[in-house]
Amino acid sequence: MHKISVIVPTYNEKKNLKRLTDKIFKALEGVDFEIIVVDDNSPDGTGQLADEIASKHLNVKVVHRPGKLGLGTAILDGAAASEGEFVSVIDADLQHPPELLKTMLEKASEGYDIVIASRYVEGGRVEGWSFTRRLISKGALWLSHILLPKTRSVKDTQSGYFIFKKDVIDGVRFNARGFKLLIEILVKGKYDKVVEVPYTFKSREAGESKMRLNEIFNYLMQVIRLSNYRTFKFMAVGISGVFVNLGTLWYLVSFLSVSELVAGVVAIELSILSNFLFNDFWTFKDRRRGRFVYRLIKCHGSAIGPIVNYATLAVLVWVGVHYLVSDAIGILLGFAANYLFSETVIWS
Ligand code: GDD
Ligand code: MN
């Protein structure tokens with residue numbers, strides 16, 4: 001088996017670190033490995049404890065950083081200091097079972113470039129999470145699947161527990177702001193085979209989570225950035241379509257005296273086509289697969305936008321909501337439907 005570097009990012013994990021390293025020693029008996037603790041000058045003295053452990057074990061290293069610089073960059077700094085052919089990331093708080101390391105390493109030796117410990121494949125689960133946190137986690141997963149096709153085959157894109165071959169990130173430029181480095185690796189890394197192994201994400205026994213509301217915002221920005229700002233481009237194109245539509249209608253009716261009903265049909269069709277062209281040559285230019293004509297035909301399915309818009313308007317007005325509010329909600333839902341259709345059908 002190859003050498004593995006186990007990276008343990010820590011911020012205020014004094015009560016957990018020793019137990020964790022002991023468990024790693026036990027789990028990796030007979031394996032060539034090193035542990036790299038990356039501590040951000042934890043106020044509780046985790047760094048000193050790590051130094052103590054390192055002084056007793058040759059294969060434990062500590063990277064000290066001056067202050068809390070974030071989980072993502074901690075992992076990268078750990079990887080930069082590592083010697084192993086494989087790198088593993090595990091949280092210090094024992095929510096990620098070290099017993100699983102051996103299984104994950106075996107998978108890696110079988111030729112998988114990335115092995116992910118997963119809560120969302122058969123056999124995996126989460127312990128003691130509130131309904132809200134579950135919902136946020138699922139929403140985040142959903143978001144990554146819609147915006148980032150490369151993550152679609154992975155069930156737990158949010159996992160903080162994984163092993164990857166170091167070649168995967170060789171020469172890759174990371175942004176690494178925030179918690180979820182795995183997603184960035186999945187989008188930018190160089191790899192062929194990914195596999196997930198199930199585990200139970202246990203509740204924390206000591207210390208507290210560093211997951212904050214701003215991490216949700218960080219995540220949102222990360223996914224949008226990794227998608228090359230696709231959602232915003234799509235919105236801009238949609239707005240341009242409104243002008244094409246209105247402009248055509250106006251021109252046909254007031255200059256060519258075409259009847260409103262006929263002009264309306266032409267205006268809608270032209271705006272669908274112009275939206276399609278902008279999206280095909282700009283928004284989704286990296287996602288063009290198959291024949292142009294097929295996409296051109298499929299793009300008419302984006303009529304789903306106006307249909308959803310109109311249906312929402314009708315239903316909401318019927319239940320008594322103000323018509324402008326109803327229409328605003330309708331526009332939003334229509335946009336979402338159209339966007340989803342584009343991401344998953346036209347430029348899947
Ligand atoms: N060095 C350093 N710097 N370590 C940090 C920092 C930081 O800024 N922020 C957090 N850590 C360390 C913690 O000390 C812990 O060991 C680990 O990173 C995870 O932090 P938690 O606060 O325990 O995160 P969580 O339990 O909410 O979520 C974790 O597990 C999820 C499921 O796998 C994270 O790994 C998530 O990314 C992951 O989705
Ligand atoms: Mn945790």
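These legends walk through several close-up views of a predicted model.

Before you look, note that residues count from 1 along each chain as its sequence is written, while chains are lettered from A and ligands numbered from 1 in the order in which they are written. Because this is a predicted model, local features need pLDDT of at least 70 and side-chain atom pairs count only at pLDDT 80 or more, though totals for chains, interfaces and linings use all residues, and side-chain values use heavy atoms, with hydrogens and water left out.

**View 1. Glu13 and Arg204 join up in a salt bridge.** A salt bridge here is a side-chain nitrogen of Lys or Arg within 4 Å of a carboxyl oxygen of Asp or Glu, and the structure holds 19 of them. In this one, N and O are 2.8 Å apart. The partners sit 191 residues apart in the chain: Glu13 is in the loop between strand E1 (4–10) and helix H1 (14–27), and Arg204 is in the loop between strand E9 (200–201) and helix H7 (213–226). Helices (H or I, at least four residues) and strands (E, at least two) are DSSP runs, numbered from the N terminus. With 5% relative accessibility, Glu13 counts as buried. Buried means under 20% relative accessible area, exposed means over 50%, and partly exposed is in between (1.4 Å probe, protein chains only).

**View 2. Asp22 and Lys18 pair up within helix H1.** Their closest N and O atoms are 3.0 Å apart, which makes this a salt bridge. The two residues are 4 apart in the helix, so about one helical turn separates them. Asp22 is partly exposed at 36%, and Lys18 is partly exposed too, at 41%.

**View 3. Asp156 and Arg119 form a buried salt bridge.** Here the closest N and O atoms are 2.8 Å apart. Asp156 lies in the loop between helix H5 (131–147) and strand E7 (162–165), while Arg119 lies in the loop between strands E5 (114–118) and E6 (125–126), 37 residues away. Asp156 has a relative accessible area of 0%, and Arg119 has 7%.

**View 4. Ligand 1 sits among 28 residues.** A residue joins this shell if one of its heavy atoms lies within 4 Å of the ligand. Glu13, Asp40, Gln158, Lys180 and Lys210 come nearest. A polar side-chain atom of Asp40 is 2.6 Å from a ligand nitrogen, and one of Lys68 is 3.3 Å from a ligand oxygen. Arg133 has a side-chain N or O atom 3.2 Å from an oxygen of the ligand. Each is a polar contact (N or O atoms within 3.5 Å). On its own the ligand exposes 740 Å², and the protein buries 99% of that (Shrake-Rupley method, 1.4 Å probe). The shell divides into 10 nonpolar, 8 polar and 10 charged residues.

**View 5. Phe281 and Phe292 make a tilted aromatic pair.** Rings of Phe, Tyr and Trp (its six-membered ring) pair if their centres lie within 6.5 Å; planes under 30 degrees apart are stacked, over 60 edge-to-face, and the rest tilted. These two have centres 6.5 Å apart and planes at 45 degrees. Phe281 is in helix H9 (residues 260–283) and Phe292 in helix H10 (residues 292–298). Phe292 is partly exposed, at 35%. Both rings belong to one aromatic cluster, whose members also include Phe234, Tyr339 and Trp347.

Conventions:
A polar contact is a pair of N or O atoms within 3.5 Å; within protein, one must be able to donate a hydrogen and the other to accept it, and residues adjacent in sequence count only if both atoms are side-chain atoms. Ala, Val, Leu, Ile, Met, Phe, Trp, Tyr, Cys and Pro count as nonpolar, Asp, Glu, Lys and Arg as charged, and the others, Gly among them, as polar.
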